[in-house]
Amino acid sequence: MGLVEGKVCIVTGASGEIGSATVRELVKEGGIVYAGARRFDKLRRLEEELNNVRGKLFTNPLDVTDEKSISQFIDKVIKDKARVDCLVNIAGYPMDEQIWNKHLHQLREEEITRIFNVDFMGSFRCVTKVLPSMMKQKNGVIINISSNPAIAGHDKGAAYTFAKTALIGLTKHITREYGRYGIRAYSLALGNIKTHPTVRSLTKEEFDKLAGESPMLRWGEPAEVAAVIAFLCSDKASFINGQTIIIDGGAVLV
Ligand SMILES: NC(=O)c1ccc[n+]([C@@H]2O[C@H](COP(=O)([O-])OP(=O)(O)OC[C@H]3O[C@@H](n4cnc5c(N)ncnc54)[C@H](OP(=O)(O)O)[C@@H]3O)[C@@H](O)[C@H]2O)c1
């Protein structure tokens, strides 16, 4: 019996490395996974790869900035399975070095809203679509992907920090308002996780310096994030609620 055996799980941002690791883990743990992203070719490849694994995987195009796309995606899940047990909001605006490296006083309002529209509003839109089902079922799990600068602050990437901080507010609000329906919510504050978009523009020196932010002196792997997600989606986490779980090898301690 897998950790999420038979649970209907929605994963956004499933074409990325953390997203696809999450899909692999949830499928391996017996979940029925609906995976969405804009790059459908990547999702098809994941589908082919997971063809023979226990559990089921369904892929559909999804743009979290587009209400219609979200409605089509989530309505299909509800039509097929009549429930949504878990929503994992992983979709995030791509790493844009230019925006990341801007000083706060140089940031344009449009750059902030562009990132906000994917990371925060995209998650918010998906949350509002699944809540009615979860309330009816009287259970559900919602996971929002934040990052450790939302807790500790940072001297770069302000626009990302703003959106990731708002996600922690979203999680806490869900917890307080919908806990009575048996709905649990979590924020995962990720540190340096080794994915291609994050490391591609780093020099060897920069890569090693960032590894040194953690006392473990290394980057995290997408699979290490996915394992936490599967646990939180499972009934084993039934009385943990609303928390921000930091996955960064001990870089930020609270
Ligand atoms: N890697 C790290 O060190 C790190 C640290 C802190 C937080 N995070 C967060 O972890 C999450 C995954 O990051 P990653 O490193 O795996 O990066 P990634 O490969 O760039 O993943 C981002 C995912 O978001 C999707 N996405 C972007 N815009 C979208 C939209 N409008 N609609 C639907 N999906 C959209 C992308 O898919 P399509 O382009 O196919 O749509 C992709 O699957 C992000 O939220 C990121 O902010 C990562």
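Here are some questions and answers about the fold, the helix packing and the ligand shell of this predicted model.

Residues are numbered from 1 along each chain as its sequence is written. Because the model is predicted, local features need pLDDT of at least 70 and side-chain atom pairs count only at pLDDT 80 or more, while totals for chains, interfaces and linings use all residues.

Q: How many helices and strands does the protein have?
A: Helices (H or I, at least four residues) and strands (E, at least two) are DSSP runs, numbered from the N terminus. On that basis, the secondary structure comes to 10 helices and seven strands.

Q: Are α5 and α7 roughly parallel or oblique?
A: Axes are lines fitted to C-alpha atoms, for helices over the stretch in contact, and angles run from 0 to 180 degrees between N-to-C directions. Angles under 35 degrees count as roughly parallel, over 145 as roughly antiparallel, 65 to 115 as roughly perpendicular and the rest as oblique. The axes of α5 (residues 109-137) and α7 (residues 158-178) come within 8 Å and cross at roughly 15°. That makes α5 and α7 roughly parallel.

Q: Which classes of residue make up the contact of α5 with α7?
A: Two residues are in contact if their C-beta atoms, placed from the backbone, lie within 7 Å. Among those that meet are Ile-112, Phe-116 and Phe-120 in α5 and Ala-163, Leu-167 and Leu-170 in α7. Ala, Val, Leu, Ile, Met, Phe, Trp, Tyr, Cys and Pro count as nonpolar, Asp, Glu, Lys and Arg as charged, and the others, Gly among them, as polar. The contact has 17 nonpolar, one polar and three charged residues.

Q: Is α1 roughly parallel or oblique to α10?
A: Helix α1 and helix α10 (residues 222-233) have axes 8 Å apart and pack at an angle of about 50°. That angle makes α1, relative to α10, oblique.

Q: Is the crossing of α3 and α5 left-handed or right-handed?
A: Helix α3 (residues 67-81) packs against α5 at about 30°, with axes 10 Å apart. A crossing is left-handed if the near helix is turned anticlockwise from the far one by less than a right angle, and right-handed if clockwise. The crossing of α3 and α5 is right-handed.

Q: Which element gives the most to the shell around the ligand?
A: A residue is near a molecule or strand if its C-beta atom, placed from the backbone, lies within 6 Å of it. Of the 27 residues around the ligand, Gly-13, Gly-16, Arg-38, Arg-39 and Gly-92 come nearest. The elements giving two or more residues are α1 (17-28), β5 (140-147) and α8 (196-199). The most, three residues, come from α1.
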